[in-house]
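Me: I am new to this structure and would like to learn how to read it. Please take me through some features one at a time.

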Amino acid sequence: MNFSKRRENIRFSLKKNPDKKSKRKNQNYLAPVAGYEYTPSIIKSGNRYGTVVSVVNKFGMNRANQYGWFVDIIPQASIPSVKTYLFMSSKPLTKKEQTSIFNKKLNDTIKTLDNTNASKAETEGEEELRALHVKDLAEYSRKDTKQELAIDFQILMLLVSDNPDDVVEQLRILKKNYADDMNGIDLMSVAGDQKSLFKRLIAMPRKSVYDYSTMSSEFAGFDHSVRKGLDDEKGVSIGEITLSLSSGNALMDLNGSFSKRILVSASSDSYIYSYDKKLAAASMWGQKIANHAMAYNHRTFHIVLNDFKYYGDNHPTLGNSPFSCEPVMNTALKHIDLSRGGLNPLEMFGDPRNATEIYNSNKRKIAQMFYYATERYLDKNTTLELQEILNDFYYGSNLWHPKVDEYPELARVLDVKNHESVPTSGDFISWLKQNLTVTREHGTEQEVNNAKALHLALQNALDSYPNLFNTPTTLSKANNPNILQYYYEFSGLRGDPSILEAQFLNAFDFITHLALEGDIIMIHGVDNLTTETLDIVRTRINRLMDSGIRMAYLFDRIATGNPIKISKDENIYYSDMFNTKDILFENFESQFDYTILGTMNKDDFIKYEKLIKQKLPKDLQDIITATNQPLQYQIRRPSDLTSNYILGDFII
């Protein structure tokens, strides 16, 4: 990023709105009681003194520096009584402003800088700078034609002390240090300009030719570069900070900075220091997050679609597991093996106030489950037909009623006490067989064939997995106040991915309906689900988050690759952080409370740039694609602009 490109010789003016009289009382609780006194070069407030200067980079200087050189500008005070602060603000130009500059000003400036207008007394160095300036402006023009945004930004520095002489001396030292170590950088102010400079510290760029501008592709990467250390007040140790001004341990408040949703994604090569490399790195991060939430009495409902296990080291079923925790943790953990069944698909779970929504969602869920159980044999029309048949079954069996919103007791399969009273899928198949008999008597040949094929497909699925689809609900609800982490494990179904997805749909409402505000639903191995499965539970997920329940998505792969099925009508993909846009999130940059990403290959990096809508500098690309660094993780947190790279090293 070459931040030295100033809008010299590009003059433009914009009308400003006239000052409006404030209707607020003449009180400013942010200002000190003593107020501010401005002298030509010093600001005084009570017993404190300060000065504000502009950070200037002379055009063409520091141009060839490598990525990250800008952090060296951050001032380091050598006089103990002085504190220094660097302020940088930026703002994209509006379409009207950008059009005005590029259409009316830019070409004129390039012509002015042309060789034909050069001074005869121009030195070789001045000629080179002028040529570079023309080159930069021409490049800006090309990017403008590609609809790229122009960015205004300013850089200011504030020095504060209780001794004005120390402020002046520190400013002199800094100017000398920059001149010696970063030739071209200077600190400047105009006598009598302290008041306006002070106000600009927290203001947007002033649209001045004396500040800086660049294009968005060159400005890109600032939000990915290391901006601040991780030293949260309630943070827990997560590893060693790398690529920063100072090394040290990263302390992150994994629970306190998690309010709605987070995402962790790492490749199979990533791992956590001192733990078995076979353990899913994303799940290790997830467990660290869950343990931190548990310290504040928040529960985590783990939906474990991979083979991650977390037991106390004296657990009788642990066997030769490569990972365990302290035995005392067993009192706060509960494991439920959903590969053994225990949930009746025809039974519904959730708040009776949302009965109609739950009912419609459950019909779609059952149809999708049979679609998976038949290896996606059923087409879309058949699954829609199956939903209609389910509707007839529920109403015909007096299990549902149109007025359930007024009379909740008429919803006889929702939040029931006696699970044995709810019909099973076997009862539905028997009813479907009776329906087939009626169709044979009164239907067309095509209707008879469709009904017969549907009955056979569902019967075969039921015969193959009776424990999953044809038993009453036997699982107990998550209502033990001493259990803070529930593990709903699907690993026994990983050999049959379609059935794993079917059971996930079957269990999702049951798992989540007892979560309370502040609790976490954490899905391990989201990449074991197809995007069509996530799309089915999307509405439910949004309702959970609206209720204050937090969602954590853990991916064991950065990208999932080719589709698992290609037909004339559709492609079906396993989920990753790229193709779940518009399902799990809409804006990757702003909607996650924080993201933790392992290194990625160059193909995935191209997808990542598309996801964040940025073209990152090569230096950043080299860092993010350093696949020979399996311990490295990128952590970004939009709320405070945290961007750090760490080596994963923590204890869970």
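Me: What should I know before I start?

Reply: This is a predicted model, in which local features need pLDDT of at least 70 and side-chain atom pairs count only at pLDDT 80 or more, while totals for chains, interfaces and linings use all residues. Residues are numbered from 1 along each chain as its sequence is written, and side-chain values use heavy atoms, with hydrogens and water left out.

Me: How many helices and strands does the chain have?

Reply: There are 15 helices and 20 strands in the chain. Helices (H or I, at least four residues) and strands (E, at least two) are DSSP runs, numbered from the N terminus. Of the 652 residues in the chain, 50% are buried. Buried means under 20% relative accessible area, exposed means over 50%, and partly exposed lies in between (1.4 Å probe, protein chains only). Taking contacts between residues at least 6 apart in sequence, 76% join residues at least 24 apart. Contact means heavy atoms within 4.5 Å.

Me: In what order do the strands of the open sheet lie?

Reply: Strands of a sheet pair through backbone hydrogen bonds, either parallel or antiparallel. Two strands pair if DSSP finds at least two bridges between them. Here 11 strands form an open sheet with mixed pairing, in the order β9-β8-β20-β19-β18-β10-β15-β14-β11-β13-β12. At the edges are β9 (248-252) and β12 (333-337), each of which pairs on one side only. From one strand to the next, the twist averages 25°.

Me: Which strands pair with β15?

Reply: Strand β10 (residues 261-265) runs parallel to β15 and is joined to it by 5 bridges. In this pair, L263 stands opposite Y553 of β15. Strand β14 (residues 520-524) also pairs with β15 in the parallel sense, over 5 bridges, and H524 stands opposite L554 in β15.

Me: Is β15 enclosed or open to the outside, and how are its two faces placed?

Reply: In a regular strand the side chains alternate between the two faces of the sheet. In strand β15 (residues 550-555), 6 of the 6 residues are buried, so the strand is largely enclosed by the rest of the structure. Both faces are covered: R550, A552 and L554 are buried on one side, and M551, Y553 and F555 are buried on the other.

Me: What lies beyond β14, and which helix packs on the sheet there?

Reply: Strand β11 (residues 300-304) runs parallel to β14, with 5 bridges joining the two. V304 stands opposite H524 in β14. Helix α12 (residues 497-512) packs on the sheet and touches β11, β13 (485-489) and β14; the direction of α12 makes about 175° with that of β11.

Me: How is a pair of packed helices described?

Reply: Two packed helices are described by the angle between their axes and the distance between the axes. Axes are lines fitted to C-alpha atoms, for helices over the stretch in contact, and angles run from 0 to 180 degrees between N-to-C directions. Angles under 35 degrees count as roughly parallel, over 145 as roughly antiparallel, 65 to 115 as roughly perpendicular and the rest as oblique.

Take helix α9 (residues 425-442) and helix α10 (residues 445-464), which pack at an angle of about 160° with their axes 10 Å apart. This makes α9 roughly antiparallel to α10. The contact involves S425, G426, F428, I429, L432, K433, L436, T439 and R440 of α9, and E447, V448, A451, K452, L454, H455, L458, Q459 and L462 of α10. By class, this contact has 9 nonpolar, 5 polar and 4 charged residues. Ala, Val, Leu, Ile, Met, Phe, Trp, Tyr, Cys and Pro count as nonpolar, Asp, Glu, Lys and Arg as charged, and the others, Gly among them, as polar.

Me: How do α8 and α9 cross, and which residues make their contact?

Reply: The axes of helix α8 (residues 380-396) and α9 come within 11 Å and cross at roughly 100°. The two helices α8 and α9 are therefore roughly perpendicular. L386, I389, L390, D392 and F393 of α8 meet D427, F428, W431 and L432 of α9. These residues divide into 7 nonpolar, no polar and 2 charged.

Me: Where is S189, and what is it in contact with?

Reply: S189 is in the loop between β6 (185-188) and α4 (194-200). With 39% relative accessibility, S189 counts as partly exposed. Leaving aside neighbours within four places in sequence, S189 is in contact with V52, V53, Q194 and L197.

Me: Where does Y85 lie?

Reply: Y85 lies in strand β4 (residues 83-92). Y85 counts as partly exposed, at 37% relative accessibility.
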